[in-house]
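Work through the exercises below with the sequence and the structure at hand. Try each task before reading its solution.

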Amino acid sequence: MELPQTQFEALERLGTLAEPTTIPELASLLDSDQSPVAAACAALSEPGYVSIRETEYEEFSLGKDARPFIAAPLPERVLIGVLAARGGSCALTEVPDHCDLNAGQVGQSLRWLQQRGWGRKEKDMLVLSDAGRAAADTTEPDERLIQALAADRVARADELAREGVPVDAARKLLAKRKGFLKIKQRTDRRVAITDAGKALLTKGVHGRRTVTQLSPEMLADGTWRDVDIQPYDVTLAAKKLYPGKEHPFQRTLERVRRVFLEMGFEEIASPWVESAFWDFDALFQPQDHPARDMQDTFYIAKPQRCRLPDEALVERTRATHETGGDTGSTGWRYAWSRERARKPVLRTHTTAATIRALARHPGKQAGKYFVIGPVFRRETVDYKHLPVFHQVDGIIVDPKASLSTLLGTLGAFYRKMGFPKVRFRPSFFPYTEPSAEVLLWLENRGEWVEMGGSGVFRPEVTLPLGVTDRVLAWGLGLERLAMMIHDLKSIGELYFATMPWLREAPLCR
Amino acid sequence: MPLINMPVDLLLELVNADREVLTEAAVSDTLHDMGVEVEELTATTVYVCRACDNVIEQTKAQGAPLHCAKCGTDFRERTDLLKELGQNKVARLDMLAVRPDIFDPGGMARYMRGFLGVRTGLIEYEIREPKLTLRVDPKLSRPESYRPHIACAVLRNMVLDDDRIKLLMNLQEDLHWSLGRDRKLASIGVYDLATLSDDEQPYSFEAVAPDGLRFVPLGFSPDDAGANMTPGEILEKHKTGQKYAHLLAGFSAFPLLRDGRGAVLSMPPIINSEATRCTRETTQCFVDVTGLSNRTVERSLNVLVTGLMEVMPELVVEAVRIVGPDEERITPDLTPAPMTLGVQEACDTIGIPLEADQLASLLERMGHGVAKSPDGVLQVRVPAWRNDVMHPVDLIEDAAIAYGYENLKPELVPTFTVGAPREIEERSAAARRVLTGLGFHQVMTLPLSSENAAFEKWRIEPDPRAVKIENPISVEQTICRVSLLPGLLETLAINKQYDLPQYLFEVGDCCFVDSDEETGAREARQVAAAMIGTRVGFADIRAVADAFVREMDLASTIAATEHPGFIAGRVAKLVDANGERLGVLGEVHPIVLENYGLKHPVSVLELSL
């Protein structure tokens, strides 16, 4: 018969012993750690090759409050010494003068003195009793126990009793002295070979080695066949690993980007520093519009001025603002300023990029463009606002473009982004008409949330650029989408990221 | 965006005046379909300030008012001056600045009745022939006292109560904010006509010297010492005068409105006179709107008088003859603006087939007057209180709203197009793959920076190519970033308490002044990586740099360099085949680490993609 190596060795060794033994003793005989030996004995006891007998016992040691009294007498013994020397009594207040105890310690000791019947308090006097007088030469049980456990000894109760220490009496006396005596409940486990075990040894049994790790050598020489590979508790925790990851917000941006590319859009870009012309004027935003105020828009001190695009376009833009030009509009009816159009700003929306793409777009040809990038608003920082955030803008130039195709395209876009329920509300944006606000149903919040604006570019926007087809346009802020996807409370968490979040935020969300 | 408190009960009463078409439960959805965003349906408490009769409406969340916005009375000190009038059910609406004609319950009810089909087409209001005349001083067209436009009306047979006073004041305030741009483009005055001359002597709108004519401004009693002020004194001493003084800054003469006997009505756009103040007992009013744009001035007046006529059926509006330097006209002028709309154009834009009749009835539901022409064109008369109709496309949107966005059939454009990514974005994605593969975490930091963060902390001279913001909002954001390294070290600094080592990177744009560019600046895509740890050093970042350069297939060589932000002898530059510097790598100088409060060695890499 074959047994795992440790079990075999334990059984063999137990067979040589006349008396039951403990696990530590057996382990030391086997020159092994205790835990595999304990496990082996437990395994051997199941088929009955060994027996394990368990006895409960108490283990005594001194607590830290008893330590000072190994070398020094207990305070009540000090007191009877004082009283004996003073002729059997002493004023309570004078006791500290005659010994090392202070008034507080004297007060606390009275309890023990009286409990032993060594003395009593009579008004202000402390009086020695006969028992106290007799006790002067004795050693009390608790004092004997303290001495027996000196030098950090840990001893079993029966062991101490054998030495003549009155364990029970001492224990009773010390019961109320907190921190004097530590008593632990222990189990004495004794292992012995059984008849069945002896029979097994006689019959012939040998060991089989257990290894924790399969080694290249074992594979090379084939000895893996002679060993057991130790089973693990596979449910235990392992160490944490984190792959290097893209920022969660980047993953949202990439998803938006992929959706647009899949839908046949061309990716475009435009500069951060933008002329007021492209950021506002080309979008038919009148030059006194509040959105253009220093209050809301970052203006640039350096560079000081932008160049305007080709003169014909500038002229058409001027005319459109002032009188509507050839667009069929009434215009805003004010004097348009070239200088104001040349002011550089930090672009306030990515529509600046789509409008530039529209200006480049060859006439009478369908096209789809999108842009993703940072935009800048002069916002005071709070949990929802930073002076920078990201937008995506998309446009479709198409002879068949209409409000219905706008809603269809946006529906398709948001479905691909993971929002199956989309709804539209008439809305107003300065450069689109008709306009629609996009609302998404958020299942986890159980509500409709505004996602962004959309519409058909006004003729005052497209005609000066030479575009005669209708142009569908929409834009949305992306931080808000990312905050919903990653369940963030503050926009700052995206830009001032903590390592735990970067490490823990799942890649697939 | 400000919110409007739309009183629900009054709105329902006005909408359902002829027959029941709207229930309270349907208010929110109907407004949504009309393009009005309902923030919430809630209850408000209405208070009145006994010092100035100002009516104040507060939501539960706002609580009782602490002071009067109009006269400044502190109700915490003068509890006796605040009187609670009662509760009001309101729909809180996002103010749609381009539709001032639906700010008030009257205008909103007019829109709703049309939308719901109860009363469609252009509403005609009766305006009585003018009795009063007003002369406009030509000096008001000159730069030093510029406020050339005025429109006026007379309101007779009024019955005012607290609700109506509140409504009138709210509408006036909302118009000031939206059309008037806080009184700059237009400001409105309402006066008790009983305190004014009501005969044939012309009123006047004139420019007077700052130390000219004295009058007692609103909020002062004629008995108060010094209450009789010159226009200049009002700008200096009166609370409202101080608040709006900037609107007259640089003027040598101020606009003043006077009646036929010379009594002062107001100093637009600053303040009215106390003597002409309206009260609950007022039965007739004189109304003026002055401003910088005639269109805005007239629209504001039109919105005001027609809105009031909707709420007060008994109201009689009488025109005023305005005699200007060059022309004479009569206001309010409710002549609709003519506009032609092609039926096919409308169908194509909305994406639905419509007959001319159908389109016409959609527009009539939006309050337009419509006549058909035989050639597929509609002749539309646009109400004079609409401020947002500049082009036939605006009519098309009106038709789409009336048709209902929910009724449109969403579809895709049929034309096939090919998607195309930008090359730099693909390269950036590859760069992110390489660095995440090397165990780095990406961060995204703000693209705005400061000279302190970008240069001083790194012990280098300011880069003359940095784009500078003229009106920064904080000292931390005064330039566009020229390097990604400050953002990386700031991120390390906020992560000091977490396990080391930490490996971070960022891929993003930096921005530089470049006079060759149309806008005077351009972006450059850069990548930067940082490593922090007890034993992180040059060898580690060098290995990362080598791996990155290899994977990105960049032709570059490495050479020693100097940089005050790095430890001498542990900094290198990457150079391309033409000797152009691509980037820098090395061990960050301990002084720089101290500047960021970092307690462990940091090695970094930055290069241009």
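**Exercise 1.** Find where A:P303 lies in chain A, and determine what kind of peptide bond joins A:K302 and A:P303.

*Solution.* In this predicted model, begin with the chain: A:P303 is found in the loop between β13 and α15 (311-323) of chain A. Next, look at the bond that joins A:K302 to A:P303, which is a cis peptide bond with omega about 0°. Then turn to A:K302 itself, whose bridge partner in β20(B) is B:K468. Finally, widen the view to the strands, where β13 (residues 300-302) of chain A pairs with β20(B) in the antiparallel sense over 2 bridges.

**Exercise 2.** Describe the contact between the two chains, and state how many residues each chain gives to it.

*Solution.* Start with the totals: chain A gives 82 residues and chain B gives 75 residues. On the side of chain B that touches chain A, several elements each supply at least two residues, among them α8 (343-350), α10 (392-403), β20 (468-469) and β22 (502-513). The largest share of that side, 7 residues, is supplied by α10(B).

**Exercise 3.** Is A:Y431 buried or exposed, and which residues does it contact beyond its neighbours within four places in sequence?

*Solution.* First locate A:Y431, which sits in the loop between β17 (422-426) and β18 (432-442) of chain A. A residue is buried if 20 or more other C-beta atoms lie within 10 Å of its own; A:Y431 counts as buried because it has 21 C-beta neighbours inside 10 Å. Once neighbours within four places in sequence are set aside, A:Y431 is in contact with A:L283, A:F284, A:Q285, A:F457, A:R458 and A:V461. Take A:R458 from this list: A:Y431 and A:R458 are 27 residues apart along the chain, while their C-alpha atoms are separated by 5.6 Å.

**Exercise 4.** Work out how B:D182 and B:D553 are classed by their C-beta neighbours.

*Solution.* B:D182 lies in the loop between α4 (162-177) and β7 (186-192) of chain B, and its phi is positive, about 55°, although it is not a glycine. Since B:D182 has 14 C-beta neighbours inside 10 Å, it counts as partly exposed. B:D553 is placed in the loop between α14 (538-551) and β24 (556-560) of chain B, and its phi, near 55°, is a positive value in a residue other than glycine. With 7 C-beta neighbours inside 10 Å, B:D553 counts as exposed.

Notes: Residues numbered from 1 in each chain as written. Chains lettered and ligands numbered in written order. Predicted model: local features only at pLDDT ≥ 70, side-chain atom pairs only at ≥ 80, totals over all residues. Helix = DSSP H or I, 4+ residues; strand = E, 2+ residues; numbered from the N terminus. Buried ≥ 20, exposed ≤ 12 C-beta atoms within 10 Å, placed from the backbone. Contact = placed C-beta atoms within 7 Å. Pairing = 2+ DSSP bridges.
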